[in-house]
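Subject: Structure handover

Hi,

Here is the structure I promised to pass on. Please open it alongside this email; my notes follow below.

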Amino acid sequence: MAMELEYRNTFIDVKEEFEDMAGSSSKARAQSSPPGRVRRISFSLEAASEEDAMRSYVGTLSQKTADLTKKLQEDQTPTTACGSSPTSPMSWDDSPGSQVGVEHVPVLAEFFPLLPSQGSLGHPEVCRRPCIYFIAGHCENGRACAYCHMEHTEKTPKLDKRQRTIIQGLTRPQLLELVMHFCRSKAEQAGFLEEAREILGLLAQESAGARPLAQVVADRDLRNLHKTLARMNFSNLIGLVTHQSPNRVGNATPSADLLAASLEQLRRHFLPAVRA
C-alpha cells in the first residue's frame, strides 16, 4: 500500500491512497483538533513580546558594560591585566580564594629584570598567588605583574565549606596558634627560619593562652584541616590570619597589620643580588 507524508498543523501526517476512495469502509483516522485562530494570535503576540523583552534586556547589559568600561578608563589610573597599577601600592590577598588584601611595598624597579615578575619574589613559600593570565599563556604586565610567574607544582589549596566554618568559629589566639605550627615548619624546611622569627614571634605572643583546639574541634575535622594547611605556602597561612573577620569577639586587633608588614619585610629578604 503506497503512503505519502505531508506536514499538517505541526504534525507529520500519513496520507493513504484509499482515503479518497468513495465508499471506503475503513474507519476515519483520529485527528487532533487544529489550533484555533485566537490561540495562534495569542501565541504569536506572546512570543513577539518575549523576544522584544529579551532584546531590550541584552541591550541594557551592553550599555552597562560600555558605561563601566568608560568609567574605569576615566576615573582610574591605567590598570594592569592582573587588576592593579604596576607602580602603585595596592592591596593583595594571599589567602586562598581571595583577590584583595594587605598593602605591600612594591619591589624596586631595578630588580625587575632579575625576577620573572614582581609577585614571584620569595617563590615558592612567600611569593604571591599564581598569575592566572600567565598560566593561560599571556600576561600583559610581564615582569611588573604583582602575581607569581613561576611554576607551582600544585593548585593553590582552598578550605572547603566545613573547614571555613571551623576557622570562622575559632578565636584569634586559637587561629594564630594553629597557623604558627605550620608557618614554623615551612620556614624551617625552606631555610628561612631566622628571617621569619619576627612573624613567628608575633604569632607566638598573641596566641599565648589559647584554648586547645582538641577541646573545640572534632578529631576528624582537625585532621582534615591539618592536611589542607600543610599544603599551603607560608604566605597563604599568614593570609588566613590577616584576613580573619575583625567583627568577631576577640578578633579586633592591630596585629594583622603588623603581620602583613612583617611578611613584606620577609619577602624583601629574597631580593636577588645585583651584580656590580
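A polar contact here is a pair of N or O atoms within 3.5 Å; within protein, one must be able to donate a hydrogen and the other to accept it. Keep that in mind for the helix cap below. One caution: this is a predicted model.

**Helix 7**

Start at the N-terminal end of helix 7, which is capped by Asn 233. A side-chain oxygen of Asn 233 lies 3.2 Å from the backbone nitrogen of Ser 235.

**Aromatic cluster**

Which residues form the aromatic cluster? Phe 192, Phe 234 and Phe 270 do. The count of aromatic pairs is two.

Take Phe 192 and Phe 234 to begin with. Their rings sit 5.4 Å apart, centre to centre, with 75 degrees between the planes. Planes over 60 degrees apart count as edge-to-face, so this pair is edge-to-face. The pair links distant parts of the chain, 42 residues apart. Phe 192 is in the loop between helix 4 (172-190) and helix 5 (197-207), while Phe 234 is in helix 7 (residues 234-242). Buried means under 20% relative accessible area. Phe 192 has 3%, so it is buried. Phe 234 is at 0%, so it counts as buried as well.

Phe 192 also pairs with Phe 270. This pair is edge-to-face, at 5.6 Å centre to centre and 80 degrees between the planes. Phe 270 lies in the segment after helix 8 (255-268), so the pair ties together parts that are 78 residues apart in sequence. Phe 270 has 30% relative accessibility and therefore counts as partly exposed.

**Helix packing**

Helix 4 packs with helix 6 (residues 219-231). Their axes are 10 Å apart, at an angle of about 40 degrees. That angle makes helix 4 oblique to helix 6. The crossing is right-handed.

**Annotated region**

One item comes from a record. An unreviewed UniProt entry annotates residues 125-152 as "zinc finger region: C3H1-type". In the model, the end C-alpha atoms of residues 125-152 lie 10 Å apart. The span is 18% helix and 0% strand.

Over to you.

Methods: Residues numbered from 1 in each chain as written. Predicted model: local features only at pLDDT ≥ 70, side-chain atom pairs only at ≥ 80, totals over all residues. Heavy atoms only, no water. Phe/Tyr/Trp six-rings, centres within 6.5 Å; stacked < 30°, edge-to-face > 60°. Helix = DSSP H or I, 4+ residues; strand = E, 2+ residues; numbered from the N terminus. Buried < 20%, exposed > 50% of the residue type's maximum accessible area, 1.4 Å probe, protein only. UniProt positions renumbered as here; feature names shortened; annotations may be inferred. Axes fitted to C-alpha atoms, helices over the stretch in contact; angles between N-to-C directions. Parallel < 35°, antiparallel > 145°, perpendicular 65-115°, else oblique. Left-handed = near helix turned anticlockwise from the far one by under 90°.
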